[in-house]
Amino acid sequence: QSAIIGADLVPLAVVACPGSGKTATAVRRLAKLRDQLSADRGRVALLSFSNVAVDTFRAEYQKLRGTSVPDTKISIQTVDSFLTTYILRPHGARVMKASRAPFLCHGDEPFLNAYNFGSGKDTMGVADILLNRVNGKTIFYRKLGRGDPVELSSAMRGLAISKLKSLASTGGYTHTHGRAWARLLLAKEPAIARALALRFPQILVDEAQDVGTFEGEILDLLIAAGSTVTLIGDHRQLRPVGPS
């Protein structure tokens, strides 16, 4: 734990099982990085995949610092919140070809019915479209209840792309589609990735075993732009890589 907390400003991969003090170590590493960057304009981001984890990290950081006053040098957020705040909301309209600032859809909004496609038993909604990246290509799947997603046929894939683009032109996206738009934006506009890397030269990712293919490519783009990333997770809790 001490070696992790006191390590230089270098990329780290931390494997930590449940009960090993991962949260306390991550928060102290966060504080150490924050102090090392105190004379710089850069900030430190600690990202996780659930609001519960984020709330825990924030409470632990406040307790460590002995204050509840927000620290402007750090950002503790979910991965999706980070993408929304720093990529999609300020810049996503360009890649989405939207006339307004992008907004999150939860999937149950009535207006999404206008984006249903297919016919009969093959009818599906735009929020049912799941995505995955395989060998540099985006694969489209259909969410089927609690069962495994099914890859779309070429015809249904074409319809899915059309509906996603149509929804995107209004500014709408789901968390799943937002990750795809964020990756595309950073790939098309590397200046944004460089600006983000300057703003967040240090990024810590908790529960790194849950990093999906889109998040992984986004992190790769930020690393290439100059961010130093620390991954904290437990490979024994690794989820199968697939559509999300």
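Student: Which residue in S10 does Gln-202 stand opposite?
Tutor: In this predicted model, Gln-202 stands opposite Thr-228 in S10.

Student: OK, and how many bridges join S9 to S10, and in which sense do they run?
Tutor: There are 4 bridges between S9 and strand S10, residues 228–233, and the two strands run parallel.

Student: What does S9 pair with besides that, say around Ala-45?
Tutor: Ala-45 has Ile-203 of S9 as its bridge partner. Strand S2 (residues 44–48) is joined to S9 by 4 bridges, and these strands run parallel.

Student: Which way do the side chains of S9 point, and are they buried or exposed?
Tutor: Strand S9 covers residues 202–205. Gln-202 and Leu-204 point one way, Ile-203 and Val-205 point the other way, and all are buried.

Student: Switching topic: what is the strand order in the open sheet with S6?
Tutor: The order is S5-S6-S7, an open sheet of 3 strands with antiparallel pairing. The edge strands are S5 (129–134) and S7 (150–151), each of which pairs on one side only.

Student: How many bridges are there on each side of S6?
Tutor: S5 and S6 are joined by 6 bridges and run antiparallel. On the other pairing, S6 (residues 137–142) and S7 have 2 bridges, again in the antiparallel sense.

Student: What about the turn between S5 and S6, how many residues does it have?
Tutor: The hairpin formed by S5 and S6 has 2 residues between the strands.

Student: Which helix lies across S5 and S6?
Tutor: That would be helix H8, residues 213–225, which runs at about 50° to S5.

Student: Now helix pairs. How do the axes of H2 and H3 cross?
Tutor: The axes of H2 (residues 22–36) and H3 (residues 51–65) come within 10 Å and cross at roughly 60°. That angle is why H2 counts as oblique to H3. The crossing, with H2 passing H3, is right-handed.

Student: Which residues make that contact?
Tutor: From H2, they include Thr-23, Ala-26, Val-27, Leu-30 and Arg-34. From H3, among them are Phe-57, Glu-60, Tyr-61 and Leu-64.

Student: And how do the residues of the contact of H2 with H3 divide by type?
Tutor: They divide into 7 nonpolar, 2 polar and 5 charged.

Student: Last topic: where is Leu-159 found?
Tutor: Leu-159 is found in helix H5, residues 154–169.

Student: What is Leu-159 in contact with, leaving aside neighbours within four places in sequence?
Tutor: Leu-159 is in contact with Phe-117 and Gly-118.

Student: And how far apart are Leu-159 and Ser-81?
Tutor: They are 78 residues apart in sequence and 29 Å apart in space, C-alpha to C-alpha.

Conventions
Residues are numbered from 1 along each chain as its sequence is written. This is a predicted model: local features need pLDDT of at least 70, side-chain atom pairs count only at pLDDT 80 or more; totals for chains, interfaces and linings use all residues. Side-chain values use heavy atoms; hydrogens and water are left out. Two strands pair if DSSP finds at least two bridges between them. Contact means heavy atoms within 4.5 Å. Axes are lines fitted to C-alpha atoms, for helices over the stretch in contact, and angles run from 0 to 180 degrees between N-to-C directions. Angles under 35 degrees count as roughly parallel, over 145 as roughly antiparallel, 65 to 115 as roughly perpendicular and the rest as oblique. A crossing is left-handed if the near helix is turned anticlockwise from the far one by less than a right angle, and right-handed if clockwise. Ala, Val, Leu, Ile, Met, Phe, Trp, Tyr, Cys and Pro count as nonpolar, Asp, Glu, Lys and Arg as charged, and the others, Gly among them, as polar. Buried means under 20% relative accessible area, exposed over 50%, partly exposed in between (1.4 Å probe, protein chains only).
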